[in-house]
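Please work through the following exercises with the sequence and the 3D view side by side, and try each task before reading its solution.

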Amino acid sequence: MFTFPTTFFASSTEPNWILNDLVSYYKFDWNANDAHGSNNGTINGATSTSSGKINDDYDFDGVNDYITIPDSADLTPVDFSINCWIKTSTTARSSILVK
C-alpha cells in the first residue's frame, strides 16, 4: 500500500511521451483514481482544495489524513521513479510517501 500523507498536486498537461512507460497517473480531480492504469486510490480525510490548481490538489491535516493505493504487481518494478509536487507549511519531519 502506498500512503500519501501530505498535499499532492497533479497536472493534466503532461506531454504524450511521458505516458509511454507510465504505470499510474493521479490527476486528483475530485478523487484518487488512476487516470492511466487501474491502481485507484482511496482518500481518507484529505480535502480537495484550490491552493494550486483548482480541484487538482489535496490538503492534509498532518494528523490522520492520507491517500492509500492498494499494492499490485505493476507497482513493484525493479527500476522506477516517482514524481510529485509538495507544498508544506512546516519544517517538522514527516513521511511523504510510504511503501
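**Exercise 1. Where is the place of aspartate 29?**

Step 1. Before starting, note that this is a predicted model, in which local features need pLDDT of at least 70 and side-chain atom pairs count only at pLDDT 80 or more, while totals for chains, interfaces and linings use all residues. Residues are numbered from 1 along each chain as its sequence is written, and side-chain values use heavy atoms, with hydrogens and water left out.

Step 2. Aspartate 29 sits in the loop between E1 and E2, where the letter E marks a strand; helices (H or I, at least four residues) and strands (E, at least two) are DSSP runs, numbered from the N terminus.

Step 3. Aspartate 29 counts as partly exposed because its relative accessibility is 35%, and the cut-offs are under 20% relative accessible area for buried, over 50% for exposed, and partly exposed in between (1.4 Å probe, protein chains only).

Step 4. Along the chain, aspartate 29 and serine 48 are 19 residues apart, and their C-alpha atoms are separated by 8.3 Å.

**Exercise 2. Describe the overall make-up of the protein.**

Step 1. Counting the elements gives 0 helices and 5 strands, and reading along the sequence gives the pattern β-β-β-β-β.

Step 2. The protein has 99 residues, of which 27% count as buried.

Step 3. Its accessible surface comes to about 6,700 Å², with 52% of that belonging to carbon and sulfur atoms; such areas come from the Shrake-Rupley method with a 1.4 Å probe, and for residues only the protein chains shown count as cover.

Step 4. Among the contacts (heavy atoms within 4.5 Å) with a separation of 6 or more, 58% are made by residues 24 or more positions apart.

**Exercise 3. How many aromatic pairs does the structure hold, and which residues do ring pairs link into a cluster?**

Step 1. The structure holds 2 aromatic pairs. Rings of Phe, Tyr and Trp (its six-membered ring) pair if their centres lie within 6.5 Å, and planes under 30 degrees apart count as stacked, over 60 as edge-to-face and the rest as tilted.

Step 2. The rings of tyrosine 26 and phenylalanine 28 have centres 6.0 Å apart and planes at 20°, so this pair is stacked.

Step 3. Phenylalanine 28 also forms an edge-to-face pair with tyrosine 58, at 5.7 Å centre to centre and with 80° between the planes. This pair links distant parts of the chain, since phenylalanine 28 is in the loop between strand E1 (2–4) and strand E2 (42–44), whereas tyrosine 58 is in strand E4 (residues 57–59), 30 residues apart.

Step 4. Tyrosine 26 is buried, with a relative accessible area of 13%, and phenylalanine 28 is buried at 2%; tyrosine 58 is buried as well. Taken together, ring pairs link Tyr26, Phe28 and Tyr58 into a cluster.

**Exercise 4. Is valine 63 buried or exposed, and what about glycine 62?**

Step 1. Valine 63 is found in the loop between E4 and E5, and glycine 62 lies in the loop between E4 and E5 too.

Step 2. Valine 63 is exposed, because its relative accessible area is 74%, and glycine 62 counts as exposed at 68% relative accessibility.

Step 3. The C-alpha atoms of valine 63 and glycine 45, 18 residues apart along the chain, are separated by 9.8 Å, while for glycine 62 and serine 95, 33 residues apart along the chain, the separation is 9.9 Å.

**Exercise 5. In which element is confidence lowest, and in which is it highest?**

Step 1. For the protein its mean is 75, and 73% of the residues reach 70 or more.

Step 2. Confidence is lowest in E1, at a mean of 45, and highest in E2, at 92.

Step 3. Over residues 1–12 the pLDDT is below 50, although beyond near neighbours in sequence this stretch has 64 contacts in the model. Where pLDDT is low, the predicted coordinates should not be read in detail.

Conventions. pLDDT = per-residue confidence, 0-100.
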